[in-house]
Amino acid sequence: MKQQTFADRHIGITAQDAETMLQTIGLSCTDELMDLTIPADIRLKEPLKLKPALSEQEYAGHIASLAAKNKLYRTYIGMGWYGTHTPAVIIRNILENPVWYTSYTPYQAEISQGRLEALMNFQTVVCDLTGMPLSNCSLLDEATAAAEAASMMYGLRSREQQKRGANTLLVDENIFPQTLAVLTTRLIPLGITLQPVRMETVELTPDVFGVLVQYPDSNGAVYDYREITRRAHEAGCKVAVAADILSLALLTPPGEWGADMVVGSTQ
């Protein structure tokens with residue numbers, strides 16, 4: 001395959017390429033490849049019965065009629081799944097403004113200036129809400145971000161903690177279940193022991209290297225973690241907070257009571 005041009009690198013293989021690939025694996029056609037790789041009992045016996053394609057205007061009307069069937073109810077599920085409202089000014093000036101997401105501007109040929117500005121604004125807002133000195137621009141979900149924070153705390157263990165093999169992470173027993181599930185999957189292979197505890201009665205034993213709290217927790221309760229954070233720091237442990245970011249407009253930001261890391265979904 002010619003690789004000198006963008007189109008050749010991205011459009012895909014040619015018929016001749018396909019023939020060469022089939023010969024390499026000892027097959028005569030793609031149908032034979034399908035027969036060998038996809039079980040017959042899950043394959044359709046006849047073509048899909050598709051209606052004629054809609055025009056753009058017809059499709060817009062169709063999806064609008066489907067959306068009109070939705071019924072909105074108040075949700076009490078909690079645990080990180082909250083209803084949201086996007087102000088019209090945000091929709092109009094950001095989501096619908098191509099300045100924020102165009103891939104090229106005359107004065108910034110390589111990287112979108114709009115995207116850089118949007119990320120800078122995002123970081124500034126997150127720093128302001130969390131009370132932390134800096135923020136990254138990740139698009140991780142809250143659970144994955146919590147796992148990243150936990151592994152970072154593990155990597156930041158002091159030399160003394162490493163010598164004594166400190167490998168226990170204390171986790172708020174009222175952490176969101178989806179976050180606990182991701183933590184379990186990600187951290188056990190690293191040799192990290194997860195220990196769910198009641199934060200009011202936490203004991204910082206020598207094998208503990210970090211503490212992760214939920215703020216507010218899965219029951220919607222809000223606790224003051226200043227004392228726990230102080231004790232953790234005295235024991236040489238780091239403290240990470242999984243926070244409802246918007247709630248920090250009313251609650252005391254974790255950065256103001258000494259948290260080392262803050263994660264959360266900005267939805």
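This is a predicted model: local features need pLDDT of at least 70, side-chain atom pairs count only at pLDDT 80 or more; totals for chains, interfaces and linings use all residues.
User: Is Ile90 buried or partly exposed, and what is its relative accessible area?
Analyst: Buried requires a value under 20%, and exposed a value over 50%. Ile90 falls in between and is therefore partly exposed, with a relative accessible area of 32%.

User: What accessible area do Val89, Ile90, Ile94 and Leu95 have together?
Analyst: These four residues form a patch on the surface, and the patch is nonpolar. Ile90, one of its members, is partly exposed. The accessible area of the four together is about 310 Å².

User: Asp172 is buried yet has no salt bridge; how far away is the nearest side chain of opposite charge?
Analyst: Asp172 belongs to strand β1, residues 168-172. A salt bridge requires a side-chain nitrogen of Lys or Arg within 4 Å of a carboxyl oxygen of Asp or Glu. For Asp172, the nearest side chain of opposite charge is that of Arg198, at 8.3 Å.

User: Which side chain makes a polar contact with the side chain of Asp172?
Analyst: The Asp172 side chain reaches a backbone nitrogen, that of Asn174, at 2.9 Å. Residues touched by Asp172 beyond four places in sequence include Val197, Leu212 and Asp217. The side-chain partner in a polar contact, at 3.4 Å, is Tyr225.

User: Which salt bridge partner does Arg198 have at 3.9 Å?
Analyst: Arg198 is partly exposed, with a relative accessible area of 45%. The closest N and O atoms of its salt bridge are 3.9 Å apart, and the partner is Glu173. This pair links distant parts of the chain, 25 residues apart: Arg198 lies in the loop between β2 and β3, and Glu173 in the loop between β1 and α9.

User: Which helices are linked by the salt bridge between Glu148 and Arg186?
Analyst: The side chains of Glu148 and Arg186 meet at 2.6 Å, N to O. The two residues are 38 apart in the chain, and the pair links distant parts of it. Glu148 is partly exposed at 35%, and Arg186 is partly exposed at 33%. Glu148 is in residues 142-155 and Arg186 in residues 177-187, which are helices α7 and α9.

User: What is the omega of the peptide bond from Tyr215 to Pro216?
Analyst: Most peptide bonds are trans. Pro216 is placed in the loop between β3 (208-215) and α10 (226-234). The bond from Tyr215 to Pro216 is cis, with omega near -10°.

User: What is the relative accessible area of Gln161?
Analyst: Gln161 is part of helix α8, residues 159-163. Beyond four places in sequence, its contacts include Ala166, Phe209 and Cys237. Gln161 is buried because its value lies under 20%; the relative accessible area is 3%.

Definitions and conventions
Residues are numbered from 1 along each chain as its sequence is written. Side-chain values use heavy atoms; hydrogens and water are left out. Patches are made of residues with over 30% relative accessible area and no salt bridge: like charges are joined within 9 Å, nonpolar side chains (Val, Leu, Ile, Met, Phe, Trp, Tyr) within 5 Å. Accessible areas come from the Shrake-Rupley method with a 1.4 Å probe; for residues, only the protein chains shown count as cover. Buried means under 20% relative accessible area, exposed over 50%, partly exposed in between (1.4 Å probe, protein chains only). Helices (H or I, at least four residues) and strands (E, at least two) are DSSP runs, numbered from the N terminus. Lys and Arg count as positive and Asp and Glu as negative; His and the chain ends are not counted. A polar contact is a pair of N or O atoms within 3.5 Å; within protein, one must be able to donate a hydrogen and the other to accept it, and residues adjacent in sequence count only if both atoms are side-chain atoms. Contact means heavy atoms within 4.5 Å.
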